[in-house]
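Visitor: I'd like to go through this model with you, a piece at a time. Could you start wherever you think best?

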Amino acid sequence: KMADGRKPRLLCLHGFRTSGSILRFQCRELGLEAAFEVHYLDAPMDASGPPQDIVKAFFQPPYYEWWVLADGQYAGLARTLDAIRAYSAVHGPFAGVLGFSQGACLAAILLAQAARGAADAALPELSFAVIMSGFIPADPELRPLFTEPIARHAILSYGATDFKREDTITLARTCFPGATHIEHSGAHQVPRQSFGPAADAIRAFLHAQAGHLQAKSAHASS
């Protein structure tokens, strides 16, 4: 625990046209609560279209999205960042961020903002990210955040048959060259224990980050 007796806080960001409760279920084998106070946030916009068939087959609505790609730009991203700032003002600060798919891209944006010292960084205190099936943003206004390594801790995962596999590898090589990026045997999915070592690698990464944060907090209060 931190010097104030609380666990460090982790913000979790769901995939496109899903929800925080869906991500909570998807992350059930990652053991996030062992070391962190975990917050699953719903995107501020209702889904503007149907989710993937597999989502509809297993999960009830409502579904949400962080943005939609319109004319090459992320329509709704400003609203999303405002919602994250507002949530953090009440429930933060957040030491780390975890995201899957569209939420993983958003997690990378938030971490890049923090690392670059952006004046408009939504979560300037972020120190690490878990990026699962992520990608470099398609919006050209965000590309300057992703042209060189991001000086923060991260772990990245992707599935062997993941349609975002190559995009996640590109993000890892471009922005997180020293980070662990690990393939699992699944598809476009949050890692599960049966998919190989990726889930355990994420657990170990989070345990290490919690240890670093607690040691830093203890030093600061001594």
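**Histidine 184 and beyond**

Guide: Let us begin with histidine 184, which lies in strand β10, residues 180-184; please keep in mind throughout that this is a predicted model.

Visitor: Is histidine 184 buried or exposed?

Guide: Histidine 184 counts as buried, because its relative accessibility is 2% and the cut-off for buried is under 20%.

Visitor: And what is histidine 184 in contact with, leaving aside its neighbours within four places in sequence?

Guide: With those neighbours left out, histidine 184 is in contact with Ser157, Tyr158, Gly159 and Ala160, and also with Gln189, Pro191, Phe195 and Ala198. Glycine 196 is 12 residues away from histidine 184 along the chain, and the C-alpha atoms of the two are separated by 5.8 Å.

Visitor: Switching to threonine 168, where does that lie?

Guide: Threonine 168 lies in helix α5, which runs over residues 165-175, and threonine 168 is buried, with a relative accessible area of 0%. Beyond four places in sequence, the contacts of threonine 168 are Ser133, Gly134, Leu156, Ser157 and Tyr158.

Visitor: What about lysine 164, buried or exposed?

Guide: Lysine 164 lies in the loop between β9 (153-159) and α5, and lysine 164 counts as buried because its relative accessibility is 18%, where the limit is under 20%. Not counting residues up to four places away in sequence, lysine 164 touches Ser133, Gly134, Phe135 and His188.

Visitor: How does lysine 56 count, then?

Guide: Lysine 56, which is found in helix α2, counts as partly exposed, since its relative accessibility is 43% and that class lies between the 20% and 50% limits. Lysine 56 touches Pro50, Pro51 and Tyr63 when residues up to four places away in sequence are not counted. As for glutamate 125, 69 residues from lysine 56 along the chain, the two C-alpha atoms are separated by 36 Å.

Visitor: Now pockets: what volume does the largest one have?

Guide: The largest pocket has a volume of about 840 Å³, and 30 residues line it, with Gln26, Gln52, Val55, Phe100 and His188 lying nearest its centre.

Visitor: Which element gives the most to that lining?

Guide: Helix α2 gives the most to the lining of the largest pocket, with three residues, while α1 (20-26), α2 (53-58) and β5 (68-70) each supply at least two. By class, the lining is made up of 18 nonpolar, nine polar and three charged residues.

Visitor: Last topic, helix α3. How many residues does it have, and how far does it reach?

Guide: Helix α3, residues 77-91, has 15 residues and reaches 21 Å from its first C-alpha to its last, close to the 21 Å expected at 1.5 Å a residue.

Visitor: Which residues of α3 are buried?

Guide: In α3, the buried residues are Leu77, Thr80, Leu81, Ile84 and Ser88. They cover an arc of only 95° around the axis, so they sit on the same side of α3. An α-helix has 3.6 residues a turn, so residues three or four places apart point the same way.

Visitor: Which ones are exposed on the other side of α3, and what covers the buried ones?

Guide: On the other side of α3, Ala78, Ala89 and Val90 are exposed, whereas the cover over the buried residues of α3 includes strands β1 (9-13), β2 (37-41), β3 (45-46) and β6 (73-75), together with helix α4 (102-116).

Note on methods. Residues numbered from 1 in each chain as written. Predicted model: local features only at pLDDT ≥ 70, side-chain atom pairs only at ≥ 80, totals over all residues. Heavy atoms only, no water. Helix = DSSP H or I, 4+ residues; strand = E, 2+ residues; numbered from the N terminus. Expected span 1.5 Å × (residues − 1). Buried < 20%, exposed > 50% of the residue type's maximum accessible area, 1.4 Å probe, protein only. Arc of directions from axis to C-beta. Contact = heavy atoms within 4.5 Å. 1 Å grid on protein atoms, 1.4 Å probe; cavity = no way out; pocket = protein on both sides within 12 Å on 5 of 7 lines; lining within 4 Å. Points joined across faces, edges and corners; volume = space filled by probe spheres on them. Nonpolar A, V, L, I, M, F, W, Y, C, P; charged D, E, K, R; others polar.
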